[in-house]
Amino acid sequence: MRLARHARSRGEGGVALWIIVAALLGGAAWFLYSARRDAENNTRAFAREVVQRVVVNYDDKYLNYHLTPEALAKYQPGYRERMLQYLRGFGPVTQPVPITGDVSFNSYFFDPVGIFKAVLVYPTMTATLELTITRGMTRWQVNDIDLRWNPPAAPTPTPSPVLAAPTPTPSPTPEQKAPRRKRR
């Protein structure tokens with residue numbers, strides 16, 4: 001039996017196979033890094049949206065919808081309502097609201113967790129809103145929300161002008177106590 005002319009050549013498809021494998025690995029790495037970048041951008045966008053809807057629009061339904069079940073148990077309806085009442089009572093907030101924070105990942109590419117701090121500037125005081133954002137199964141969620149502020153300083157009283165000359169008032173004299181009798 002006679003062998004074909006190309007039967008003894010080796011490595012004909014090896015280079016092409018390595019190029020395909022390298023292209024697949026490069027595409028997978030690109031996908032993972034772009035997914036990480038997108039998750040970080042989406043986390044920051046969601047934090048800005050939460051601050052806008054809660055601090056500016058006072059939207060309690062939005063906050064209730066996006067709180068995790070653990071946060072709903074931790075922050076009872078009375079707490080959330082009181083927080084929104086405080087925000088309304090502070091007056092209009094100076095916009096845009098600056099938000100700072102970082103996004104970390106539980107695994108290197110998946111499960112983003114963002115911790116953000118928004119500085120709220122009001123006409124008479126400043127406050128901070130701290131948020132912890134995570135990605136749930138289907139939507140972004142707020143794990144923690146905390147509002148902190150220092151009440152505005154009370155104005156110092158000024159002395160009132162004297163209208164009339166002060167008149168001295170006599171101080172009352174204490175009554176004399178009767179001496180105690182001894183018991184027998």
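The following dialogue discusses how to read several features of one predicted model.

Biologist: What percentage of the residues count as buried?

Modeller: Buried means under 20% relative accessible area, exposed over 50%, and partly exposed in between (1.4 Å probe, protein chains only). Here, 27% of the 184 residues count as buried. Accessible areas come from the Shrake-Rupley method with a 1.4 Å probe, and for residues only the protein chains shown count as cover. The accessible surface of the protein is about 14500 Å², and 58% of that belongs to carbon and sulfur atoms.

Biologist: Which residues have the most contacts inside the largest nonpolar core?

Modeller: A nonpolar core is a set of buried Ala, Val, Leu, Ile, Met, Phe, Trp, Tyr and Cys residues joined through side-chain atoms within 4.5 Å. The largest one has 34 residues, and Leu87, Leu120, Tyr122, Leu129 and Ile145 have the most contacts inside it. Among the elements that give two or more residues to this core are helix H1 (14–56), helix H4 (77–90) and strand S2 (112–121). H1 gives the most, with eight residues.

Biologist: Which residues are in contact with leucine 87, leaving aside its neighbours within four places in sequence?

Modeller: Contact means heavy atoms within 4.5 Å. With those neighbours left aside, leucine 87 is in contact with Val54, Val55, Tyr58, Leu120, Tyr122 and Leu147. For the protein as a whole, among contacts between residues at least 6 apart in sequence, 52% join residues at least 24 apart.

Biologist: Are valine 113 and threonine 128 buried or exposed?

Modeller: Valine 113, in strand S2, is buried at a relative accessible area of 17%. Leaving aside neighbours within four places in sequence, valine 113 is in contact with residues including Val103, Thr132 and Ile133. Threonine 128, in strand S3, is also buried, at 18%. With the neighbours within four places again left aside, threonine 128 is in contact with Lys117, Ala118, Asp146, Leu147 and Arg148.

Biologist: How many salt bridges are found in the whole structure?

Modeller: A salt bridge is a side-chain nitrogen of Lys or Arg within 4 Å of a carboxyl oxygen of Asp or Glu. The search finds six. One of them joins lysine 74 and aspartate 144 (3.1 Å, N to O). Because lysine 74 lies in helix H3 (residues 69–74) and aspartate 144 in strand S4, this pair ties together parts that are 70 residues apart in sequence. Lysine 74 is exposed at 54% relative accessibility, whereas aspartate 144 is partly exposed at 28%.

Biologist: Which residues form salt bridges with arginine 148?

Modeller: Glutamate 130 forms one, with the closest N and O atoms 3.9 Å apart. Glutamate 130 is in strand S3 and arginine 148 in strand S4, so this pair ties together parts 18 residues apart in sequence. Aspartate 146 forms another with arginine 148, with the closest N and O atoms 2.7 Å apart. Separately, salt bridges that share partners join Glu49, Arg53 and Asp59 into one network.

Biologist: Where do positive phi values and a cis peptide bond occur?

Modeller: Most residues other than glycine have a negative phi, and most peptide bonds are trans. In this model, phi is near 55° for tyrosine 58, in the loop between H1 and H2, and near 60° for aspartate 111, in the loop between S1 and S2. Tyrosine 58 is partly exposed at 22% relative accessible area, as is aspartate 111 at 45%. A cis peptide bond joins glutamine 95 and proline 96, with omega about 0°; proline 96 is in the loop between H4 and S1.

How values were computed:
Residues numbered from 1 in each chain as written. Predicted model: local features only at pLDDT ≥ 70, side-chain atom pairs only at ≥ 80, totals over all residues. Heavy atoms only, no water. Helix = DSSP H or I, 4+ residues; strand = E, 2+ residues; numbered from the N terminus.
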